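Have the model open while you go through them.

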Amino acid sequence: MTQTRTFTVVDENSQPICELPVFNGTLGPDVIDVQALYRKTGMFTFDPGFNSTASCASDITYIDGEKGILLYRGYPIEQLAERGTFLEVCHLLLYNELPTTDELTAFEQNITMHTMVHDQLTNFFKGFRRDAHPMAIMVGVVGALSAFYHDALDINSKRDRDLSAIRLIAKVPTIVAMCHKYSVGLPFMYPNNKLSYVENFMRMMFATPCDDYIPNPVLVRALDRILILHADHEQNASTSTVRLAGSSGANPYACITAGIACLWGAAHGGANEAVLNMLQQIGDVSEIPKFIARAKDKNDSFRLMGFGHRVYKNYDPRAKLMRATCYEVLEELGLHDDKLFKLALELERIALEDPYFIEKKLYPNVDFYSGIVLHALGIPTNMFTAIFAMGRSIGWIAHWDEMISDPDQRIGRPRQLYTGETRRDLPSQHR
Ligand code: SDX
């Protein structure tokens with residue numbers, strides 16, 4: 001980042017108070033460095049939803065919300081989703097470069113060798129009810145990983161950070177599949193080292209010890225693409241949560257767990273599950289106008305799930321790719337007449353023609369179609385956000401590593417605008 005000019009802060013009489021440096025990056029808006037603002041003016045900035053706040057400098061992902069652009073380390077998401085694999089994207093996000101053939105082989109083998117979890121970890125599941133939400137179990141079990149890996153928790157050691165990254169990429173799918181098996185009362189399936197990353201996950205999800213499981217290559221490719229589309233998204237709520245947790249020096253498993261907890265919210269990663277529930281609630285094309293009216297009604301808390309985005313004020317490029325994946329999967333499964341998909345297409349058409357959505361620049365986001373694909377793949381609705389977490393884990397880890405590696409990194413500690421009571425004393429008779 002380079003300083004391009006300064007920004008003058010003036011008082012109510014337009015008299016200069018101080019100069020603040022303005023920096024530019026390689027793409028996107030310049031930033032006003034306000035780190036000295038409080039010291040120089042006695043004032044804070046105020047930006048509760050972080051609409052206009054850059055929390056850090058990052059080399060990992062770039063989004064242009066107006067143009068609907070998403071780049072992972074400079075590569076367009078469209079090219080990576082169509083021509084790359086999820087483990088290639090993991091390597092890219094972690095190490096800033098796509099792997100060579102030999103590097104990819106070594107990376108895949110390393111991941112494969114870490115897919116099993118400590119056998120005592122299975123005991124954690126027994127404490128949950130069978131109908132516990134998988135995200136509740138994920139928070140508990142991924143958080144417990146730090147209790148098993150004392151050999152590599154030195155966050156200042158690159159070797160420990162790399163090993164923790166590999167362990168998380170490798171073990172999160174195993175834990176996600178275990179959440180599913182536990183919820184349906186079936187035995188856990190161990191990973192199979194002969195399978196690819198996604199084939200392994202699908203086998204752990206859908207196979208039983210009683211039968212052979214032959215992954216469908218079209219469905220494997222579709223899920224691999226879904227993980228690519230969810231891998232990272234700059235400083236979204238859960239990634240910012242991971243960064244803030246990591247800034248205190250917490251171990252990587254605890255930080256990723258904080259990200260999982262934040263992702264669970266329906267306004268964030270919980271939206272894919274909410275979209276499917278919404279489509280099932282709408283039920284029929286004839287009901288769409290009623291729900292569109294509810295979404296526009298200020299007095300109704302209902303929102304069109306899967307629509308709108310803090311950054312994208314254009315079509316989310318991931319939603320376009322997700323819709324294409326929807327077609328592929330439904331065709332492969334002979335579900336081209338899938339009622340939910342047809343309902344989603346009609347809902348999207350009507351919403352995109354409605355002045356309310358046009359004026360507020362509300363477009364389908366990554367979650368709008370992902371639920372339909374995951375449903376078609378046979379993944380239970382309450383597992384959708386866990387799949388999102390499986391894809392996003394690499395983004396969380398890459399941002400955590402980037403933050404910890406920054407020599408200027410300090411603990412994150414926002415301030416506030418206090419609007420409460422001024423000082424007052426307890427009544428004399430109070431004991
Ligand atoms: C993800 O940040 C990321 O990058 C997230 C993510 C990632 O990859 O990490 O992309 C993943 O979280 C995608 C978003 C999934 N969430 C949903 O689909 C839930 C439905 N969407 C909304 O809750 C909302 O659009 C948000 C939370 C996504 C964005 O919220 P903002 O930026 O705070 O927008 P807003 O609430 O200020 O809305 C602006 C206006 C408001 O109306 P006014 O107050 O200006 O009159 O648009 C309205 C909102 O009421 N609005 C909607 C709407 N979304 C916004 N109205 C109806 N339906 C909606 N979905």
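Which residues does M138 touch, not counting residues up to four places away in sequence?

1. Bear in mind that this is a predicted model. In it, M138 touches G143, V172, I175, V176, C179, I260, A386 and A389, leaving aside residues up to four places away in sequence.

2. On to the core. The largest nonpolar core has 118 residues, and M138 is among those that touch the most other members, along with Y72, I169, I175 and L304. Helix α18 gives the most to this core, with 13 residues.

3. Helix α18 deserves a look of its own. It runs over residues 384-405, and its 22 residues reach 32 Å from first C-alpha to last, close to the 32 Å expected. There is still a bend of about 40° at R392. Of the 22 residues in α18, 21 are buried, so the rest of the structure largely encloses this helix.

4. Now the charged pairs: the count comes to 20 salt bridges. R225 and E328 form one of them, with the closest N and O atoms 3.0 Å apart. R225 lies in α9 and E328 in α14, so this pair ties together parts that are 103 residues apart in sequence. R225 is buried at 9% relative accessible area, while E328 is partly exposed at 34%. Elsewhere, salt bridges with shared partners join K158, R161, D162 and D401 into one network.

5. Within that group, K158 and D162 meet at 2.9 Å, N to O. They sit four residues apart in helix α7, so about one helical turn separates them.

6. Last, D131 pairs with R129 at 2.5 Å. D131 counts as exposed at 53% relative accessibility, and R129 counts as exposed at 60%.

Note on methods. Residues are numbered from 1 along each chain as its sequence is written. This is a predicted model: local features need pLDDT of at least 70, side-chain atom pairs count only at pLDDT 80 or more; totals for chains, interfaces and linings use all residues. Side-chain values use heavy atoms; hydrogens and water are left out. Helices (H or I, at least four residues) and strands (E, at least two) are DSSP runs, numbered from the N terminus. The expected span of a helix is 1.5 Å times one less than its number of residues. The bend at a residue is the angle between axes fitted to the seven residues ending there and the seven starting there. Buried means under 20% relative accessible area, exposed over 50%, partly exposed in between (1.4 Å probe, protein chains only). A nonpolar core is a set of buried Ala, Val, Leu, Ile, Met, Phe, Trp, Tyr and Cys residues joined through side-chain atoms within 4.5 Å. Contact means heavy atoms within 4.5 Å. A salt bridge is a side-chain nitrogen of Lys or Arg within 4 Å of a carboxyl oxygen of Asp or Glu.
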